[in-house]
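Please look at the sequence and the structure before reading on.

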Amino acid sequence: MQNNILAVPFRKGAHLALSSAIRQYISTKYDQHPDMFRQDLDVIDVLRRDAVNVREPHPTGVARLQAYAGQLVWISGKFPIDIGADFTWYPALGYNTERPIIHNNLKYELANVLYNLAALYSQLAIAGNRTSTEGLKTATSYFSHSAGVLTHLKKEVIPELRTTPPEDMDEHTLDSLIQLQLAQAQECYWQKAVMDGYKDASIAKLAAKVSDFYNEAGEAAMRSEAISSSWIHHMSAKHHHFAAAAQYRAACDCLEKRKYGEEVARLHDAVACVTEGLRESRGGYLHKAVLEDLNGLKRRVEEDLKRAERDNDVIYLNPVPPKSELKILDRATMAAARIPPQVSAPLDYLSEKGEFGPPLFTKLVPYSVHIAVSIYEERRDRLVNQNIIAELETLNERIHEILSSLNLPGSLQAFEKPLGLPPTLVQHAEEIRQADAIHRLQRSFADIDKLRAADLALFEEGRSLLQAEEEEDVQLRRKYGTNRWSRPESRSEPSQGTKLWEQVTNAEGWFANSESSDGVVRDKFHAIEPTLAVLTGPDRGLLDFVPSSRRTEIPETLKPAIGRLRTAYNDIARLEGRRRRKAEALREKARNDDIKSDILTEAARLERSHAVATAIVPAHFEEFFEKRLDSLYEPDLELVKSEGAEQEKLVSELIRVNREFESQKKMVGDKGNKEREQALQKLENAYYKYKELVSNADAGRKFYNDLSRIIGGFRDGARGFVGERRQEARMLEDELNMPPLNNLSLGGPQGHMQPVQSPPPPASNWNGSAGYQGQPQPPSSSFLPPSQPRQPVQAPVEAQIQSWAPAGETVAPQPQPPRANPMQAVWNPGAGIKFANTPPPAASPAGSGGAAGNSRQPPVSGTWDRNSAIRFG
């Protein structure tokens, strides 16, 4: 099979029991038992196993990968992206193909499955028979589908990954692969046109577009960290090859149209293009099939150029235009990325009789529905508490401010009850005692302090992790320099870093504001604490605090004014009491507002009616939320408006009546009532302030509880982000600490040997492809010629990756000089040097016997000692 086209390799996935993670998640997060879905759990494991095992280009693999990808899209609507399964996949391209990448991420799993589907389409195109027009049509379809799946992966899946994609799935790599598949699809169209005998002008247009596609693929590959040099050289060579082929066909068209000068010009350009393509063969990067195509085209073009120049110089004498005056060739774009409908709309193929079978976990309440329920409850509570109850409480606070400014009800009680304690004051004091007001507020403040401290601890942990990682990154950036340490800083990292640092800023603002609010509430408490102590004490203490009036009878002239004021005050009190009851009723109504059954019905309706083209998400319930909230709480919102208008009317009447009362009181004189009036009003104000503080403390507790969930999510996000950043830093540091390529050698350790002048040995050259071998070699009777440099042969890294060489074959960086005597071995520094007719070493004079029997005889070294003499036969 020709290897003049490239196939996208498969990503290798590790086996994983996905059902275990799903079972665990269902048991902990849902009200349903996992055994209800035993069959679905078995099916998802089978689907994943079949998809991961697709490693060969066979058409049956397409259905397996598509089915599993479709079910992944479906269950993404029922489970969160971080379901708890660590999906392990190995990159297909780049220099770290043996280093696994692990993510607890359903979208990461889907991205790998779709990547392998695109790789399968690419390999099916190459595995087919492209020597017939039908085979070329099939290959073109496969290449187009491969480009379509990669386009879908780039635009729809990778943006939802929530993490940095692997190197062989980043934007530049996917762009290069997409253009490569389109180039190869266009090449099939070109090949079919040649087979079918299309006109030269049409073939030239097809070839020019092939060249464009390869050029775009090569440019994107240059920006990728995963595409190897061998692939880049291949794309560049093919770009020049088809540029030359396009000019050649255009020249043939010129010959047919008797444009002999233009024919010569285009043939000259074709020769220049094919020569440029052949330059890519330096270093042994190109496969021999590509090289043969280039050489064959060059021979043909040069032959035609010689013929055209001879004919034009002798017969036609047409002027040859310069290249700048040649018309740019038109393009005929036939290849296009086609996304299979099974990939773009997988849910359409999930049914009892569908291609992918029935959707799994249909009886499980979708995760998106759980999220939607939470969103509705949060929106409902915000509507009830902030838009209704908070507005009613604001109106009540306004009433208390007005009553306090008017000294009500203290001024009324001083006249109505000149001796003893007013009944309302006794009731309020009893309520304060029953609630143990002071200790209750102190306990609330202590709880708030604990919650705040816990939230601060979580926040500090997350912020410290981010700051520590930032400091580590700064140190590494200083160590390696900004040019080599090229990854973005954590504050500008787009996927998570920017968001996390924004959360740090927001949280700091929240804690600062909450600290200020807590201080205001405590100041209010300290201001009324002495008065609350009086209210919580015995009645004797209250009697001592409230002086008796020296006037025991109400003057007759004041009775009508007091009556009107009491009526207006009671109307205000009844309005306030009604609001309190309404607020309690609203809270109870919100607690009983269970949307679960109704939202499940709505979700089933959406699924049945196919109102949504993708998995159900919370946004699909927006209209349902609006209708439900309007029907349940719109009357209460209208009530707030009417309550405000009614209050203004009653307050205006109260102020008018109180003005008359004050006027009448001045006329009769105030004898001994002023002190009693102030004391009663102070106690009344303390009571209402206490109620306000209780509400503030409840709000504070709720705030810190809600904040705990937010800060906890921030802390967990910071942990995951910092862990990924540190792993990324280790990987980058390992790459930067790798020895430079000129230190790499295919051989073992080498000794240093000085060349020895000797008679010329038999003709023999150093075998550059073998290098200096560390294994024992047969001794050689020749030295390296002194003029021959002895440098270790360095294999390019690309020779180990994405090479077209068969397994075990190394692509040499330079063509090797021929060996004069192929049977002669190379010199090995670990072996000794033997010379012909060399006498054995003399026996030591200190002893007798041969060398073998002399224990004091030093061992004979197997290597040559340059300090000893050399004797020749």
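## Helices, strands and the model

Helices (H or I, at least four residues) and strands (E, at least two) are DSSP runs, numbered from the N terminus. The model is predicted, so local features need pLDDT of at least 70 and side-chain atom pairs count only at pLDDT 80 or more, while totals for chains, interfaces and linings use all residues. Residues are numbered from 1 along each chain as its sequence is written, and side-chain values use heavy atoms, with hydrogens and water left out.

The chain holds 21 helices and 3 strands. Of its 873 residues, 44% are buried; buried means under 20% relative accessible area, exposed means over 50%, and partly exposed lies in between (1.4 Å probe, protein chains only). A contact means heavy atoms within 4.5 Å. Among contacts in the chain with a separation of 6 or more, 82% are between residues 24 or more positions apart.

## Aromatic pairs

A pair of aromatic rings is described by the distance of the centres and the angle of the planes. Rings of Phe, Tyr and Trp (its six-membered ring) pair if their centres lie within 6.5 Å; planes under 30 degrees apart count as stacked, over 60 as edge-to-face and the rest as tilted. By this rule the structure has 17 aromatic pairs. In one of them, tyrosine 214 and phenylalanine 242, the ring centres are 6.2 Å apart and the planes are at 15°, so this pair is stacked. Tyrosine 214 belongs to helix H7 (residues 200–222) and phenylalanine 242 to helix H8 (residues 229–256), so the pair ties together parts 28 residues apart in sequence. Both tyrosine 214 and phenylalanine 242 are buried.

Is the pair of phenylalanine 459 and phenylalanine 511 stacked or tilted? The centres of these two rings lie 5.6 Å apart with the planes at 40°, so the pair is tilted. It links distant parts of the chain, 52 residues apart: phenylalanine 459 is in helix H15 (residues 437–480) and phenylalanine 511 is in helix H16 (residues 497–536). Phenylalanine 459 has a relative accessible area of 2%, so it is buried. Phenylalanine 511, at 4%, is buried as well. Elsewhere, ring pairs join Tyr25, Phe37, Phe79 and Phe361 into a cluster.

## Charges over rings

A charge sits over a ring if NZ of Lys or CZ of Arg is within 6 Å of the ring centre and within 35 degrees of the ring normal. The charged end of lysine 12 is placed over the ring of tyrosine 90, 4.7 Å from the ring centre. Lysine 209 lies over the face of phenylalanine 213, and here the distance to the ring centre is 4.9 Å.

## Salt bridges

A salt bridge is a side-chain nitrogen of Lys or Arg within 4 Å of a carboxyl oxygen of Asp or Glu. The structure has 65 salt bridges. One of them joins the side chains of arginine 701 and aspartate 447 (3.9 Å, N to O). This pair links distant parts of the chain, with arginine 701 in helix H21 (residues 674–736) and aspartate 447 in helix H15, 254 residues apart. Arginine 701 is partly exposed at 23% relative accessibility, and aspartate 447 is partly exposed at 33%.

Other salt bridges lie within a single helix. Glutamate 588 and arginine 591 meet in a salt bridge (2.6 Å, N to O). Both lie in helix H18 (residues 559–591), 3 residues apart, about one turn of the helix. Glutamate 588 counts as partly exposed at 37% relative accessibility, whereas arginine 591 counts as exposed at 55%. Arginine 709 forms a salt bridge with aspartate 706, their closest N and O atoms being 2.5 Å apart. These two are 3 residues apart in helix H21, so about one helical turn separates them. Arginine 709 is exposed, at 59% relative accessibility, while aspartate 706 is partly exposed, at 24%. A network of salt bridges links Glu469, Asp473, Arg477, Arg487, Arg725 and Glu728.

## Surface

Accessible areas come from the Shrake-Rupley method with a 1.4 Å probe; for residues, only the protein chains shown count as cover. The accessible surface of the chain is about 45,100 Å², and carbon and sulfur atoms account for 52% of it.

Patches are made of residues with over 30% relative accessible area and no salt bridge: like charges are joined within 9 Å, nonpolar side chains (Val, Leu, Ile, Met, Phe, Trp, Tyr) within 5 Å. Val314, Ile315 and Tyr316 form a nonpolar surface patch with about 300 Å² of accessible area together. Tyrosine 316 lies in helix H10 (residues 288–316). With a relative accessible area of 33%, tyrosine 316 is partly exposed.
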